[in-house]
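Subject: Structure handover

Hello,

Here is the structure we talked about. Please open it and keep it beside you as you read the notes below.

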Amino acid sequence: MCKKILLLFIVLCFQTSQCISREYNYEAYGLNLNFLNLKLNIKDGKIYSIIHSKGLAGHFFSFENIIQTTYDKNNLEYYFNLKKKNKEKIYQFKVKNGDIDLSNINLNKGKNYKSIKKIDLRNVLDPLTAVSEILYSNKIDAKCNFKNRIYDGDDVYEIFLTPKEKNKSKIKFNKKEYKIIFVCRLNYKAISGHKLKREKKLNSRYLDIYFSKFKNNVLPTYFEAKSKIIPVKMYLSTVLNP
């Protein structure tokens with residue numbers, strides 16, 4: 001599963017009055033096989049996610065992905081680590097007083113890539129903060145009104161929501177049942193840092209997000225997306241409070 005799909009799957013609770021210090025666990029399936037588990041955890045000043053392969057599928061394409069954002073009033077640090085087979089990818093950057101520290105950022109990767117301009121990095125959010133604002137701010141509704149620019153330490157892109165017709169009234173998973181109240185489609189638009197030949201493919205990606213009412217909060221309880229080979233479905237498994 002590629003990095004961009006993993007990032008689109010990152011959903012977590014940000015520091016809001018409705019949603020503080022919780023852990024969310026999700027299970028992803030392809031062809032009815034649980035191949036991926038995702039854990040999201042919130043603490044004061046720290047948000048992190050751990051994604052790892054699972055079961056028989058994990059035997060053939062084992063990976064572990066750790067993503068973390070730490071922050072205080074004026075500073076933020078973002079860290080991304082993906083271990084897959086015998087390879088490891090690390091992306092990281094710092095934000096000071098609202099501006100990204102450019103000292104260790106490669107703006108020009110080569111002729112086959114779209115160069116990142118400094119203006120592309122203005123008013124960007126890191127992936128964890130951006131998606132938390134979309135999915136866990138408790139402000140989302142059926143209008144699906146959200147758009148923001150993201151920098152993940154490698155690429156710059158825009159994610160935005162559009163309303164989608166509700167084709168399921170409820171989702172059942174592990175003896176749980178979630179009533180679906182509305183559905184949004186998360187869309188992707190490449191801006192810079194990506195391979196030029198992949199732009200059309202990147203822009204065709206999407207993630208359908210199904211929302212439910214959960215203890216007075218609107219939360220994503222089910223996801224659908226298309227990977228390279230098969231449809232992927234992800235279910236909310238547990239919500240843990242400290």
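First, a definition: buried means under 20% relative accessible area, exposed means over 50%, and partly exposed lies in between (1.4 Å probe, protein chains only). The model is predicted, so local features need pLDDT of at least 70, side-chain atom pairs count only at pLDDT 80 or more, and totals for chains, interfaces and linings use all residues. Residues are numbered from 1 along each chain as its sequence is written, and side-chain values use heavy atoms, with hydrogens and water left out.

Now the disulfide. A disulfide is a covalent bond between the sulfur atoms of two cysteines. Here the test is a pair of cysteine sulfur atoms within 2.5 Å. Searching the whole structure gives one. The partners are Cys144 and Cys184, with sulfur atoms 2.0 Å apart. They link distant parts of the chain, 40 residues apart. Cys144 sits in the loop between helix H3 (127–135) and strand S8 (147–151), and Cys184 in strand S11 (residues 176–192). Helices (H or I, at least four residues) and strands (E, at least two) are DSSP runs, numbered from the N terminus. The torsion about the S-S bond is about -85°, so the disulfide is left-handed. Both cysteines are buried.

Next, backbone angles. Most residues other than glycine have a negative phi. Cys144 has a positive phi of about 55°. Its relative accessible area is 2%. Lys175 also has a positive phi, near 65°. Lys175 lies in the loop between strand S10 (170–173) and S11. Is Lys175 buried or exposed? Lys175 is exposed, at 91% relative accessibility.

Best wishes
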